[in-house]
Amino acid sequence: MVNMSGAPQSVDELLEAYAVGPAPVVRANFVTTLDGHATGGDGKSGSINSTADKQVFDLLRALADVVVVGAGTIRAEGYGRLRTEDPAMLELRRAAGRPDHPVLAVVTASGDLPEKVVEPDPEAGELLALCAAAVADELADRLGADAVIPCGADTVEASVAIEALHARGLQQVLTEGGPHLLGTWLQAGVVDELCLTVRPIIAGGTGPRIVEAPIGAGLLASFDLRHALAMEGDLMLRYVARRSET
């Protein structure tokens, strides 16, 4: 699908553009400036997003069973438990038989979680910790054993984390970052789709890109373009991973 009109998209149009089937899917959703920055000068992605980007952001959350975010991004962006506040997105979730709010899964090797996400919130989605086994007991004391999923001895292994989420019935997985988490997941080959908003702005200076990976990591992934939508000056891209034939 290619739409270069620049006009806002309706909920139904966006749903058609971003819909997935019942099979498990791992999506990543990011925003970037024309010069490749993933955040503004304040270190937050929110300072470079837009109304159009927020439309897609909300829709992708509405289609997700679980949103996976690194603990560093949780702190930097000020995440709390997830709530679906838009009535249209709430209707989408209910029509698909999903709970009103997606689960928030925080990736942490150190066990350091901000109190903002640890505090119970009965009006929001559940919290899971995808953690290193070394800190699992400590997190279980804070969150409860059912909320803690060890995914490696000293690190959080991407493939183990995804398998564990799927085993809990969380089939539609969405990650919103940060760049280190995306780099790790791309290296592990677990990302099926990349949804990318390109903002027509130049941030200048230095700052994170959407992916951080070790120097010399080589080609992390290849993608095929599924659609390109122009919305209010932004370019909304949906890419599907090109899997190697074996």
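Author: One definition to begin with: accessible areas come from the Shrake-Rupley method with a 1.4 Å probe. Keep in mind that this is a predicted model.

Reader: OK. What does the accessible surface of the protein chain come to?
Author: About 11,700 Å². Carbon and sulfur atoms account for 52% of that surface.

Reader: And how many helices and strands are there in the protein chain?
Author: The chain has 8 helices and 10 strands. Its radius of gyration is 17 Å, close to the 18 Å given by the globule rule for 246 residues, so the chain is as compact as a globular protein of that length.

Reader: What does the C-alpha trace span along its principal axes?
Author: About 55 × 45 × 45 Å.

Reader: What share of the residues is buried?
Author: Buried residues are 48% of the 246 in the chain.

Reader: Which contacts join residues at least 24 apart?
Author: Taking contacts between residues at least 6 apart in sequence, 71% join residues at least 24 apart.

Reader: New topic. How many disulfides does the structure hold?
Author: It holds 0. Cys131 is in no disulfide, and its nearest cysteine sulfur belongs to Cys151, 6.7 Å away. Cys151 is likewise in no disulfide, with the sulfur of Cys131 as the nearest, 6.7 Å away.

Reader: Is Cys131 buried or exposed?
Author: Cys131 has 0% relative accessibility, so it counts as buried. Cys151 is buried too, at a relative accessible area of 1%.

Reader: Now the loops. Where is Gly97?
Author: Gly97 lies in the loop between helix H4 (87-95) and strand S4 (103-108). With a relative accessible area of 63%, Gly97 is exposed.

Reader: How far is Ala23 from Gln171?
Author: Along the chain they are 148 residues apart, while their C-alpha atoms are separated by 7.2 Å.

Reader: Last one, charges. How many are positive and how many negative?
Author: There are 19 positive and 34 negative charges in the protein chain, and the mean positions of the two sets are 2 Å apart.

Conventions
Residues numbered from 1 in each chain as written. Predicted model: local features only at pLDDT ≥ 70, side-chain atom pairs only at ≥ 80, totals over all residues. Heavy atoms only, no water. Disulfide = S-S within 2.5 Å. Buried < 20%, exposed > 50% of the residue type's maximum accessible area, 1.4 Å probe, protein only. Helix = DSSP H or I, 4+ residues; strand = E, 2+ residues; numbered from the N terminus. Rg over C-alpha atoms; globule rule 2.2 N^0.38 Å. Contact = heavy atoms within 4.5 Å. Lys, Arg positive; Asp, Glu negative; His and termini not counted. Charge placed at Lys NZ, Arg CZ, Asp CG, Glu CD.
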